[in-house]
Amino acid sequence: MRRSHRVRQVINYANLSTPLGLLIARMGRARTCRGERGLVYAHGYRIPFPVAGAFTVGNVILTKHGEGYLSGPLLDHEARHATQYAVCVGLPMVVLYLAASAVSFVLCGHPGSWNLFERMAGLDDGGYPRVRPWWGRAR
């Protein structure tokens, strides 16, 4: 494991975001396993919220899908979210992310297209559409 992944792993345990992710995985009856880059994969998440192919809490990536789903650009996208948890000192990231989703929804009607965190993690890698803001649309 690269040093930067180890540092992110330690920070996200210390700021309690990874323990929260593990708790959410347990509540959602997901199977956890060690993944690449110091991440924990939680497959088979059964709670229907949030509506996403995958989402990250600390170093835990949760998905309703089976093994093999977390790979390629999607894994890159979710790993960037894990880094965002470390930079945002853990749990405040949840509030900041929800605020950014609300701003995006007001701007374009989609919670991810103009969400700062999704843009920094890579919209295309996460499978998000590029919705134009309401003022830039043809009338």
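This is a predicted model: local features need pLDDT of at least 70, side-chain atom pairs count only at pLDDT 80 or more; totals for chains, interfaces and linings use all residues.
Visitor: Is Ala121 buried or exposed?
Guide: The relative accessibility of Ala121 is 0%. Buried means under 20% relative accessible area. Ala121 therefore counts as buried.

Visitor: Which residues does Ala121 touch, not counting residues up to four places away in sequence?
Guide: Here we leave aside residues up to four places away in sequence from Ala121. What remains is a set of contacts with His77, Arg80, His81 and Gln84.

Visitor: Which residues of α3 and α4 meet?
Guide: Helix α3 covers residues 72–87 and helix α4 covers residues 92–108. Their axes come within 8 Å. On the α4 side the meeting residues are Met93, Val94 and Tyr97, and on the α3 side they are His81, Gln84 and Tyr85.

Visitor: How many nonpolar, polar and charged residues are in that contact of α3 with α4?
Guide: Let us sort the contact of α3 with α4 by class. Charged residues are absent, polar residues number two, and nonpolar residues number four.

Visitor: At what angle do the axes of α3 and α4 cross, and is the crossing left-handed or right-handed?
Guide: The axes of α3 and α4 cross at roughly 115°. As for the hand, α3 passes α4 in a crossing that is right-handed.

Visitor: How many aromatic pairs does a search of the whole structure find, and what is the angle between the planes of Tyr97 and Phe117?
Guide: The search of the whole structure finds three aromatic pairs. One of them is Tyr97 with Phe117, a tilted pair at 6.2 Å centre to centre. The angle between the planes of Tyr97 and Phe117 is 40°.

Visitor: Which parts does the pair of Tyr97 and Phe117 tie together?
Guide: Tyr97 and Phe117 are 20 residues apart in sequence.

Visitor: Which label, buried or partly exposed, goes with Tyr97, and which with Phe117?
Guide: Tyr97 has a relative accessible area of 22%, while Phe117 has a relative accessibility of 7%. The cut-off for buried is under 20%. So Tyr97 is partly exposed, and Phe117 is buried.

Visitor: What kind of aromatic pair do Trp134 and Trp135 form?
Guide: The ring centres of Trp134 and Trp135 are 5.4 Å apart, with 85° between the planes. Planes over 60 degrees apart count as edge-to-face. The pair of Trp134 and Trp135 is therefore edge-to-face.

Visitor: Which residues does a cis peptide bond join?
Guide: Most peptide bonds are trans. Here is a cis one, with omega of about -5°. Its second residue sits in the loop between β2 (40–43) and β3 (55–57). The bond joins Phe49 and Pro50.

Visitor: What phi does Leu16 have, and what phi does Arg37 have?
Guide: Most residues other than glycine have a negative phi. Leu16, in the loop between α1 (3–14) and α2 (17–27), and Arg37, in the loop between β1 (31–34) and β2, have a positive phi. For Leu16 the value is about 75°, and for Arg37 it is about 60°.

Visitor: How far apart in space are Leu20 and Leu91, C-alpha to C-alpha?
Guide: Leu20 has its place in helix α2 and touches Leu91. In sequence, Leu20 and Leu91 are 71 residues apart. In space, C-alpha to C-alpha, they are separated by 8.7 Å.

Technical notes
Residues are numbered from 1 along each chain as its sequence is written. Side-chain values use heavy atoms; hydrogens and water are left out. Axes are lines fitted to C-alpha atoms, for helices over the stretch in contact, and angles run from 0 to 180 degrees between N-to-C directions. Helices (H or I, at least four residues) and strands (E, at least two) are DSSP runs, numbered from the N terminus. A crossing is left-handed if the near helix is turned anticlockwise from the far one by less than a right angle, and right-handed if clockwise. Contact means heavy atoms within 4.5 Å. Ala, Val, Leu, Ile, Met, Phe, Trp, Tyr, Cys and Pro count as nonpolar, Asp, Glu, Lys and Arg as charged, and the others, Gly among them, as polar. Rings of Phe, Tyr and Trp (its six-membered ring) pair if their centres lie within 6.5 Å; planes under 30 degrees apart count as stacked, over 60 as edge-to-face and the rest as tilted. Buried means under 20% relative accessible area, exposed over 50%, partly exposed in between (1.4 Å probe, protein chains only).
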